[in-house]
Amino acid sequence: MGTLSVTGLLFQSQNPKPRIPFSTNFTNQVIFPNPVSKLRLLQALPNSSSISIEENPGKKAPTLREICQGHVPEHVIRRAEEVGYTRPTDVQLQALPILFSGCDCILHAQTGSGKTLAYLLLIFSVINTQKSAVQAVIVVPTRELGMQVTKVARMLAAKHVELELEQKCCTVMALLDGGMLRRHNSWLKAEPPTIVVATIRSLCQMLEKQTLKLESMRVLIIDEVDFMFNSSKEVGSLRKLLTSYSSLNNRQTVFASASIPQHRRFLHDCIQQKWTKSDVIHVHANPIQPMPSCLYHRFVIYGKNRKHQILLSLLLSDAPESSIIFVGEQSEKSKKAGNTPSTTLLVEFLKASYVGCSDIHLLEEDTNFHLRAASLSEVRQGGNYILVATDIAARGVDLPETTHIYNFDLPRTAVDYLHRAGRTGRKPFSENKCTVTSILLSEERFVLKRYENELLFNCEELIL
Ligand SMILES: Nc1ncnc2c1ncn2[C@@H]1O[C@H](COP(=O)(O)OP(=O)(O)OP(=O)(O)O)[C@@H](O)[C@H]1O
């Protein structure tokens with residue numbers, strides 16, 4: 001198995017075709033499962049003769065437009081530029097030429113690094129809007145993430161005033177748990193959408209009813225793939241989706257996540273189980289730094305029965321612009337006993353004692369879908385919020401204004417820590433520091449230490 005690193009992409013001024021200089025430093029990795037895949041990528045990429053396998057330090061990186069031109073329709077590039085996507089992030093820089101070459105791909109890059117835009121640009125490069133069929137499916141673990149991805153996809157697909165005449169319509173359907181599946185049924189019967197963003201459960205319901213047909217699917221994206229494979233409820237349906245509905249050779253399959261534990265094993269499984277073609281490529285951006293460098297990690301030890309007070313003192317001294325406070329899920333036993341969830345108790349406590357912010361919201365699984373949507377849409381309206389949430393908000397949710405994360409309860413695993421922490425530091429080119437604070441008992445210190453070792457970061461003690 002060859003391991004190469006992509007350090008940058010170059011464009012020659014008269015010829016807007018990508019050159020990929022590979023190098024052997026270890027900041028960014030592209031892992032080819034076999035020499036054939038590397039060869040295939042080199043052959044498939046335009047102007048492949050100009051690909052060099054040496055370092056190219058200090059060369060100017062191309063713009064997003066330069067990378068996308070010739071692949072992505074002009075109106076999509078313009079829409080992207082209008083919302084400020086002009087410079088590619090690391091993962092976009094590395095992955096887009098590979099994705100445009102037709103390879104299956106595992107996108108493995110830090111939280112907030114722009115994986116969504118990378119796979120959406122691939123979709124727009126592949127779909128044929130003349131054709132009336134579902135051509136791309138994006139599978140997401142939660143309704144919240146689904147709504148967010150749908151919004152970005154619709155924003156990119158929107159008609160551009162100047163290019164309206166030459167632009168064909170591309171529709172994006174959100175098929176998410178808690179949605180109005182009956183309405184979707186009529187929509188699907190009338191005219192299939194081009195892109196479907198779905199949770200696996202809702203997707204399977206539609207497939208069973210045979211109202212949704214995926215035979216023309218050209219791109220299949222599985223977002224937060226490690227989470228999906230870890231969810232015992234969904235893994236069977238996910239495996240079935242990956243091995244059915246469209247032939248592997250007609251489909252490009254992309255897996256995305258900031259955490260893919262045992263990624264070599266996963267790469268092997270992808271090929272063995274025929275979820276991907278055998279020359280699938282693992283793009284691993286920043287492997288030696290699993291979390292964004294703009295994060296500052298600290299912890300506070302609390303004495304028994306003083307946890308709420310400690311949180312209050314932290315909020316008063318930090319005066320955070322916008323923050324998320326993560327609380328552990330209520331146990332089944334506690335639910336059965338009829339106890340009030342600690343999330344609700346915390347919201348009540350903060351409303352009664354913290355005057356620094358009047359916009360305090362709650363996001364947890366057991367709240368109904370409409371209240372969950374309302375909470376998120378209210379915090380999206382601007383800064384200065386506190387969101388008290390369980391781990392439902394830890395995966396994929398993009399609230400770029402968040403400056404502070406508080407782990408009121410320690411996350412259960414290092415991967416959970418990584419995703420919670422990654423809800424901040426989500427402005428790709430910003431230098432601003434964001435803070436992640438864990439509140440723990442002295443006997444829990446070793447747990448956090450384990451996460452530090454696993455995720456290669458340092459946590460400083462804060463004495464209040
Ligand atoms: N090229 C770009 N220029 C500026 N901002 C960008 C660019 N690409 C993405 N972003 C912004 O970066 C933020 C994070 O992007 P995104 O949600 O895709 O991250 P992600 O890699 O999927 O993270 P996670 O693993 O947490 O889901 C978003 O607010 C998005 O608008």
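Let me begin with helix α5, residues 115-126, which gives the most to the shell around the ligand, namely three residues; helices here are DSSP runs of H or I of at least four residues, strands are runs of E of at least two, and both are numbered from the N terminus. Please keep in mind that this is a predicted model, in which local features need pLDDT of at least 70 and side-chain atom pairs count only at pLDDT 80 or more, while totals for chains, interfaces and linings use all residues. Residues are numbered from 1 along each chain as its sequence is written, and side-chain values use heavy atoms, with hydrogens and water left out.

Staying with the ligand, 22 residues surround it, the closest being Tyr85, Gly112, Lys115, Thr116 and Asp398, where a residue counts if one of its heavy atoms lies within 4 Å. As for polar contacts, meaning pairs of N or O atoms within 3.5 Å, an N or O atom in the side chain of tyrosine 85 is 2.7 Å from a ligand oxygen, and one in the side chain of lysine 115 is 2.8 Å from a ligand oxygen. Serine 113 instead uses a backbone N or O atom, at 3.2 Å from an oxygen of the ligand. Taken alone the ligand exposes 650 Å², of which the protein buries 90%, with accessible areas coming from the Shrake-Rupley method and a 1.4 Å probe.

Now to the sheet. Seven strands form an open sheet in the order β15-β16-β14-β17-β18-β13-β19, with parallel pairing, and two strands pair if DSSP finds at least two bridges between them. Because β15 (360-363) and β19 (459-461) stand at the edges with a single partner strand each, one side of each is left without a neighbour in the sheet. Further in, β14 (residues 323-326) and β16 (residues 386-389) pair over four bridges in the parallel sense, and isoleucine 324 stands opposite leucine 387 in β16.

Technical notes. Polar contact = N/O pair within 3.5 Å; in protein donor to acceptor, adjacent residues only side chain to side chain.
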